[in-house]
Amino acid sequence: MALINKHLRWLLPLLAFIIWSLQAGYLFYYEGLGLNVALIDSSVNMGIISLAIWGMLLVVNAYPTRVGVTLYALLIGTFFAIAAGFTTWMILKFIFKNPVHHYLDWLSYSMPVRYFANWLICSWIATYSAIVKEAETIEKKFLKQNDLTNLHREAELYKLRQQLQPHFLYNSLNSISALTMIEPSKAQDMIGKLSDFLRRSVTRDGQERILLTEELEYIEAYLSIESVRFGDRLKIVYTKNFDSKTEIPPFILQPVMENAIKFGLYGNTGEVTISVDISQKDSMLIVNVTNPYDKDNHPSRGTGFGLEGIKRRLYLLFTRTDLLDVSKTDTEFTTTLSIPQTYA
Amino acid sequence: MHKVIIIDDEPLARQLVRAFMQQHTDFEIVAECGDGFEGFKAIQEHAPDLIFLDVQMPKLNGFEMLELLDEKPSVIFTTAFDEYAMKAFEANAVDYLLKPIAKERFDKAVTKWQASAASQQKRGIEQLQVGNVYEGYQHRIVVKDNGLIRIIPADDIEFVEANDDYIKIVTKDGSYLKKSTLSQVEQSLNPQHFVRVHRSYIIPISQLVRIEPYEKESHIALLQCGAKIPVSKSGMTKLKTTLGW
């Protein structure tokens, strides 16, 4: 940190000059001292006090306090004020040893006022710089903390993304394995779909936001694989009502869909229709995903990672916990996702 | 001829097992099932020697289905989840095949079963308990009720009582007996929500209305359903820690 805070850098010399000229003027006009006496007196006074302030700032910046900022500044300010006053007195007495007796009497008489003025100036500057220094220390600490939180956040987001894939991948590979024996041409088709899906997952991994239309394509790729695995039991009905430039963070909508499929498809044996309703309301993108659901048949692991992970992700991205909502009737399960669009 | 049933919710996964089985000529696939419930019925009907069983399935999952069977066939698990493997072996499964399944690995599993079948005639899977099988806690308990399969969500449980070799699970719709022990149930349920307050009782915290002193060192818990459950001294300590007194 610079010795003098940048706000004080211009203020201090200016102040010194003002005080110096005021003092000189005062001594010359009101006290009726000679011009050279007035100039010498005020210059010495100003020189000493400047030295004192400089020394004081060194001390304030070099030594941390244990007694609390204000008390510390006050003590140091007082000490330097006394030192400065005493030095000024000694020097002036030495300079005007012989010539003007009248001046020396007046000097003694004015000392209390000088001490008091010094004390005011020193205490003020000491307090100010000590507080500024304290604030800077706190800010530094805070920034460091913030860095750590960010790092941690990144790591957590990464981990949440990673959790989405493996079982899906293994099951798909198993299906391909079956197809190579039963229907080789379909196997090739499936490999194409899976590669498409994986390529999309990889390319969007680093992105912070993606186009909603792109996300829907990605989901489509995912669904086409699921429909090979589960036959044509799966139907998705979309209601799309949004700006084509709408962007959303990746890995938010897809896991919600995955969850809906897990609930709907893995939990029921017949045909399953999942409806996706996307609309824009004020600065929010609202996505409603509804899937059939059997009240008596909670999926064994469904509620576990799926929605909790999404909730956590939304919190990490927007610092809000109210962006994911679920409601259920006896036959339907609805997930409502609100994605703030303010960053657009 | 050994009878085989394939239970998996993915048609392609079933077809893969079927295709792999073609080489093993002394096996006959008597049924293919898409969920645990169908599997349960098929096993009772055909009494197979060996089943290929997926874990995650609609209605009843693989472990729940096994739990309901009195006569358990030999089991080879087929799943993409490796986290069940340990528990599956503890439950004495013949083998545990991870998807995608390699032909070589599959043949090995079948040979392994043949070897054990030769020496043992039929190798039954041992008594299996939900609580010991899953990672994490159960959200439901499966019981047989007059030949019907009933799935009781953990939220519906009013209390569980030990009853000789059985446990009695009391819900607002009635009570069900299940061949199990209270310790096993205790392990399978989330201890944040269920507390074993007595040697013979487990109660859900959400049911608790109040606790009254009763004789020296013991208490009585009054539940929402009106039941009065004895609370032992150690049960009281557990309640206190769970409730954070």
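**Entry 1: a helix pair in chain A.** I began with helix α2 (residues 35-62) of chain A and helix α3 (residues 69-95) of chain A, which pack with their axes 9 Å apart at an angle of about 150°. Angles over 145 degrees count as roughly antiparallel, so I noted α2(A) and α3(A) as roughly antiparallel to each other. I also looked up the handedness: α2(A) passes α3(A) in a right-handed crossing. Keep in mind that I am reading a predicted model here.

**Entry 2: who meets whom.** Next I listed the residues between these two helices. From α2(A), the residues that meet α3(A) include A:Ile40, A:Val44, A:Ile48, A:Ile49, A:Ala52, A:Met56 and A:Val59. A:Asp41, A:Asn45 and A:Gly55 are also among them. On the α3(A) side I found, among others, A:Ile76, A:Phe80, A:Ala83, A:Ala84, A:Ile91 and A:Leu92, along with A:Thr87 and A:Thr88. Sorted by class, the contact of α2(A) with α3(A) has 15 nonpolar residues, four polar and one charged.

**Entry 3: a second pair.** I moved on to helix α7 (residues 212-229) of chain A and helix α8 (residues 253-264) of chain A, whose axes lie 10 Å apart at an angle of about 30°. Angles under 35 degrees count as roughly parallel, so α7(A) goes down as roughly parallel to α8(A). The crossing of α7(A) past α8(A) is right-handed.

For the residues, I wrote down A:Glu215, A:Tyr218, A:Ile219, A:Tyr222 and A:Glu226 in α7(A), which meet A:Leu253, A:Gln254, A:Met257 and A:Ile261 in α8(A). That contact divides into six nonpolar residues, one polar and two charged.

**Entry 4: over to chain B.** How many helices and strands does chain B have? I counted eight helices and 15 strands. Of the 245 residues in chain B, 40% are buried. I then checked the contacts in chain B with a separation of 6 or more, and 52% of them join residues 24 or more positions apart.

**Entry 5: where the chains touch.** Last, I looked at the interface, where 23 residues of chain B are in contact with 22 residues of chain A. On the chain B side, the elements giving two or more residues are α1 (11-21) and β7 (148-153). Which element gives the most? I found that α1(B) does, with six residues. By class, this side of chain B has 12 nonpolar, five polar and six charged residues.

Definitions and conventions
Residues numbered from 1 in each chain as written. Chains lettered and ligands numbered in written order. Predicted model: local features only at pLDDT ≥ 70, side-chain atom pairs only at ≥ 80, totals over all residues. Helix = DSSP H or I, 4+ residues; strand = E, 2+ residues; numbered from the N terminus. Buried ≥ 20, exposed ≤ 12 C-beta atoms within 10 Å, placed from the backbone. Contact = placed C-beta atoms within 7 Å. Nonpolar A, V, L, I, M, F, W, Y, C, P; charged D, E, K, R; others polar. Axes fitted to C-alpha atoms, helices over the stretch in contact; angles between N-to-C directions. Parallel < 35°, antiparallel > 145°, perpendicular 65-115°, else oblique. Left-handed = near helix turned anticlockwise from the far one by under 90°.
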